[in-house]
Amino acid sequence: MSAVLDDMDSRPGSTTSLLRTIVGLYLRDAGGWMSSADLVTLMEAVGVSAALTRTALTRLRKKAVLDAEARAGRAGYAVGARARHMLDRGDRRIHQPRSMGPDDAWCLVSFTIPESERGLRHQLRRRLHWIGCGTVGPGLWICPDYLRPEAEEILEDLGLRGAAVLFVTSTPLVEEPLRTVVAAWWDLDELAGLHRGFLATQEGVALEPPAEGATAFSAYVRCIDSWRIIPYVDPGLPADALPADWPGAASSGRFLALRDAYRPAAREFVASVTGAVAHS
């Protein structure tokens, strides 16, 4: 499975998703490895039992997100070699929300894949959707040009680069208003629902983190976990292509405010568990 889908295949709030979020946030800073006992302690802080955590650890090992590895006589897990690229991508997507300006370029992805390879065609469409591309037609997809490297990577990974042509263009020339065609190319109701769902889950979270470290850590991890899929499927379309009441700016603003407020306290808690030095 691809790095893109590996980061998308667990439901936010689930045991596996929370564990993936903790792995993405802290394992690389901890030298790429953490003991099983420390991972269990961190998961207990977000309300997940040790038994469920061990099951999720096994699941992530089977997916090559984690490698079982003992160090200094302690059982633990290291970040899988393939997973590092996924986590680096996640850092950029999650922590640096992007949006198009009115004059920014678009990318069109045109491909022709024969019926005999319909399995590959399905994988390509699925993966383009998961990086935020919209559908103009069955063999023509569209996204902001800053997503072009990810689209090209997907094509290369599937061995389909020769079956596709990518075009960089200015604002598409369409007969109807841009808002109308964009609403046909993307499921804006679904995207808006994700933003509003995030705002609803984080509405009661104070901007001042609690003094108790485990509580601050839990709130931080759940905030990241609730947010992390949104900047994948929402490509950051320009304001003039979106409904006037689009919740994206409010959602990303709320995320960034909570992230900045809770990140130091969460890191201090992780350091207290692992014995590592916390970095703000």
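User: Buried means under 20% relative accessible area, exposed over 50% and partly exposed in between (1.4 Å probe, protein chains only). What is the relative accessible area of Phe255?

Analyst: This is a predicted model, where local features need pLDDT of at least 70, side-chain atom pairs count only at pLDDT 80 or more, and totals for chains, interfaces and linings use all residues. Residues are numbered from 1 along each chain as its sequence is written, and side-chain values use heavy atoms, without hydrogens and water. Phe255 counts as buried because its relative accessible area is 0%.

User: Is the ring pair of Trp227 and Phe255 stacked or edge-to-face?

Analyst: Rings of Phe, Tyr and Trp (its six-membered ring) pair if their centres lie within 6.5 Å; planes under 30 degrees apart count as stacked, over 60 as edge-to-face and the rest as tilted. Here the centres are 4.8 Å apart and the planes stand at 10°, so the pair is stacked.

User: How many residues apart are Tyr26 and Phe217?

Analyst: Their rings form a tilted pair, 5.9 Å centre to centre with 40° between the planes. Both residues are buried. Helices (H or I, at least four residues) and strands (E, at least two) are DSSP runs, numbered from the N terminus. Tyr26 lies in helix H2 and Phe217 in helix H10, at a separation of 191 residues.
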